[in-house]
Amino acid sequence: MNHPMHPTTNILAISGSLRQSSSNTTLMNAIINLAPDYLNFTTYTGLGDLPHFNPDLDTDQAPQSVQTLRTQLSQAHGVLICSPEYGNGVPGALKNALDWIVSSGEFVNKPTAVITASPSPLGGNYANASLLLTLQMINAQLSDTTTLTIPHITLKLSKEGIITDLTLKQNLQALLQSLHQSCHPSIN
């Protein structure tokens, strides 16, 4: 149902993990289930299909998988990224996807939420900082209210995808509301 205070918002959800049983993919799906009905999510599933970034291939006739990513980004009002941290950094597949967007500009002024979650006590803070640097460089619209690191994710999220930590649930609801408002500044 569309309401003036809550226009429908299309969000592209991207997990930074290729792992089948990734806690970040589970978290992303839990967030989608937690979201109010005026947030319409499309889950990006082509991360593993993208070729390694090569500027020689970054032309008007870019590979089909790259064109699909760019189209899905263009059609979204906003983006939700949930990513693990690998070796104190951004997973290579996610960084590769962002590299394909540098020259095409689909992230320019695009409201973006960045969540890193880890079983460690640091919550993927190095990956989060690195993601923010890359997203700032490609002019994504970011804010403190749409950025979150989640330590000890395995203690806060069941394997079935249920958020078991009340504070985390409240923080995620606030993040979703902030992302929605960023996509529709006139309702703020």
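## Basis

The model is predicted: local features need pLDDT of at least 70, side-chain atom pairs count only at pLDDT 80 or more, and totals for chains, interfaces and linings use all residues. Residues are numbered from 1 along each chain as its sequence is written, and side-chain values use heavy atoms, with hydrogens and water left out.

## Aromatic pair

The structure contains one aromatic pair (ring centres of Phe, Tyr or Trp, the last by its six-membered ring, within 6.5 Å; planes under 30 degrees apart are stacked, over 60 edge-to-face, the rest tilted). The ring centres of Phe53 and Trp100 lie 5.0 Å apart with planes at 80°, so the pair is edge-to-face.

Phe53 sits in the loop between strand S2 (39-43) and helix H2 (64-75), and Trp100, 47 residues away, in the loop between helix H3 (92-99) and strand S4 (112-117) (helices, H or I, of at least four residues and strands, E, of at least two are DSSP runs, numbered from the N terminus). Phe53 is partly exposed at 29% relative accessible area, whereas Trp100 is buried at 0% (buried is under 20%, exposed over 50%, partly exposed in between; 1.4 Å probe, protein chains only).

## Cavity

One cavity of 30 Å³ or more is counted (points on a 1 Å grid over the protein atoms alone where a 1.4 Å probe fits but cannot get out; lining residues have an atom within 4 Å of a point). The largest cavity holds about 50 Å³, the volume being the space filled by probe spheres set on the points, which are joined across faces, edges and corners.

Its lining comprises Ile14, Tyr44, Leu69, Leu73, Leu94, Ala97, Leu98, Ile101 and Phe107. H2 and H3 each supply at least two lining residues, and H3 gives the most, with three.

Conventions. 1 Å grid on protein atoms, 1.4 Å probe; cavity = no way out; pocket = protein on both sides within 12 Å on 5 of 7 lines; lining within 4 Å.
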